[in-house]
Amino acid sequence: MKHIISVLVENKFGVLSRVSGLFSGRGFNIETISIGPTLDPTVSQMTIVTTGDERILEQILKQLNKLIDVIKVTDLAEKEYVEREMCLIKVNAPAEHRAEALRIADIFRARVVDSSQKSYTFQITGDEKKISAIIELLRPIGIKEIVRTGKVAITRE
Amino acid sequence: MSSKEITGAEIFLECLKKEKVDTLFCYPGGVVLKIFDVLYGQKDLRIILPRHEQGGVHMADGYARSTGKVGVALVTSGPGATNVVTGLATAYMDSIPLVVFTGQVPTALIGNDAFQEADIVGITRPCTKYNFLVKDVKDIAQTIKEAFYIASTGRPGPVLIDLPRDVVTNKAEFHWPDHVDIRSYKPSVMGNKWQIKQAAEAIAKAKKPVAYIGGGVILSNAAAEVLEFAEITKIPVTHTLMGIGGFPGTHPLSLGMLGMHGTYYANMAIHNSDLIVAIGARFDDRVTGKVEGFAPEAKIVHIDVDPTSIRKNVRVDIPIVGDVRHVMVELNKELHHSKEPWDQIRKSWSKQIEAWREERPLTYEYADDVIKPQFVIEKLNEVTRGDAIIVTDVGQHQMWAAQYFKYDKPRDWLSSGGLGTMGYGFPAAIGAKVANPKRDVFCITGDGGIQMNVQELATAVENKIPVKVVILNNRYLGMVRQWQELFYQERYSSVDLGSTPDFVKLAEAYGAIGLRATKPSEVVAVLQEALKAKQTVFMDFVTARYEKVFPMVPAGASINEMIFGEEPKKEEKKLKAVK
């Protein structure tokens, strides 16, 4: 089962390596991981998407808590939350496909962030389903490259 | 520059004094010259120079296990640092508090593949509780304070501090922090009261309970509380390899060790129990055997300071996270209140356990013509009256030392349980003797294990550390040979050590005493002579080559599926039984 775990960590060098080393050393799976600063410059926020049964998830949460640099661990599955991911998609856009590409982008409210004579680059933000959907629709036109941020998530008030 | 400023190396020394470190196991090298210069001529700090950095860390480990204090070692960068990795991993697996300092190349050169550079913080991340790279001389004191705090609190463990050369040569004022507050590190000490109450009720209700104690009892100094617990509730107690000494081995309620080479009655008791009270133990695979077949009818109470230990390997019904001693004090209070007729409740269970005890006691076949290794351990127990610190290596001798010596006190048994490090025993024994100069310290080892850190003989002799080394010499890597005999069709691959060195001459070459016994009749005399000696002694016991450790739970079997040695023919051979 898929879980999103939100982890507050000390903003120190080597912390990412401690967290990723924990996952690799114990055979846990990381699907996506994203890290950024918080309002407090000494604290960073990690969002980790992982899979595993209940027993594995319990171990992941406990092992993360055990790391000296980890301040707080929250399993978002226990809460209401909003998740978002951003994806940049570069598609082939020769003259015959330009209109179609833009039309798909428009449906998903993707923005054009770069364009050349042969390509467009779209920026799309949303949950996993939305991003998968636009990728599927653009695929027949010809996707040259995609870059994804991994998920970020926040609890609802 | 203010006159109060001192070098990082001097700050390092001041910090050790503040932490009341009395012994430092250290090996010098290029980038730590400044620190060694400060150590020169120090009167209130005992400096022990090992002959290999690995030996140094094991010594610090033996010092820590035998005293409960933090063991401290210092080595240089690069190879000095990589040589401590096995020692750190050994301590990490067994939760032993160490602070190990490594030198590092100057901060400006880090990452440049400088001479004797190794990314030791990266290398040791998975085998330390925490590690630090100090980048500023001003941070040394705070870092050392935090390191000792982290190493010795919660579930203890080794901490490494990497000190670049410029950090120890630069100057700063020395400020010793009065306390440590790490917002992300707050170990739970007190157990949940409600859970403790639940546990007490479960213990009162249980008809067939067993207490299963581990290294946590030793680490939290809870042996007295465990004894009180067992005596209130009349609950039989089995221990892991790490839990030896956590409950008196000679006590009528003691079942001895459980697991792969545990006693028949301990394993049968666990397998048939309706309640297991796990105290500072972590359900290691050597204990549980096949997890699916482990104690099928038992409810499990699990007391541990480390929440990750709970429900890692087995299901747990009543988890209690907290320091073992604190929890046991509270649990005992609850049980004192309950006024159950404990003797009455336990009657039939005690009877069943006694029946198992009689059915298959711990035995081996004595021989007149060849020394049985178990016989040496029994005699050592007699000669020392069980009052000695026993330090082992890893293998058959370790299991015999666990089975046939009776440990009544905590911290009298030092052994690498989790990592299973051959070469641990001798240097750890040296560390234990340094910390306990008035105790007799015996290292029980094999001809394989002793050769893994035999260079420390020089350290023992030079520093006048009279450790007594029992070598059970069968010229085999016996435990591996045993597995090959039982499970690999007797294909003895790379286990015959052939003509092992003459350990008597080897000892003498280093200036130690060498003794040898080749017949059972010589065993006691050799042990007594060694006990009396004021120097380091190597005892070469030439033992039966093909002896195996029994009982044994084969890998992948449940712990009630034990195999035993050949049934001794009672009319022909004298049967030795140990209760």
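In the predicted model, B:Asn131 is in contact (heavy atoms within 4.5 Å) with A:Arg18, B:Ile120, B:Val121, B:Thr124, B:Arg125 and B:Leu160, neighbours within four places in sequence being left aside. B:Asn131 lies in strand β6 (residues 130–133) of chain B, and it counts as buried because its relative accessibility is 2%, under the limit of 20% relative accessible area (1.4 Å probe, protein chains only). Its side chain forms polar contacts with the side chains of A:Arg18, at 2.9 Å, and B:Thr124, at 3.1 Å. A polar contact is a pair of N or O atoms within 3.5 Å; within protein, one must be able to donate a hydrogen and the other to accept it, and residues adjacent in sequence count only if both atoms are side-chain atoms.

Between the two chains, 20 residues of chain A are in contact with 17 residues of chain B. The buried area (accessible area, 1.4 Å probe, lost by the two parts on being put together, summed over both) is about 1,700 Å², with 45% from carbon and sulfur atoms. Four salt bridges (a side-chain nitrogen of Lys or Arg within 4 Å of a carboxyl oxygen of Asp or Glu) are found across the interface of chain A and chain B. A salt bridge of 3.0 Å, N to O, links the side chains of B:Arg311 and A:Glu58.

Residues are numbered from 1 along each chain as its sequence is written, and chains are lettered from A and ligands numbered from 1 in the order in which they are written. Local features need pLDDT of at least 70, side-chain atom pairs count only at pLDDT 80 or more, and totals for chains, interfaces and linings use all residues, while side-chain values use heavy atoms, with hydrogens and water left out.

Note on methods
Helix = DSSP H or I, 4+ residues; strand = E, 2+ residues; numbered from the N terminus. Buried < 20%, exposed > 50% of the residue type's maximum accessible area, 1.4 Å probe, protein only.
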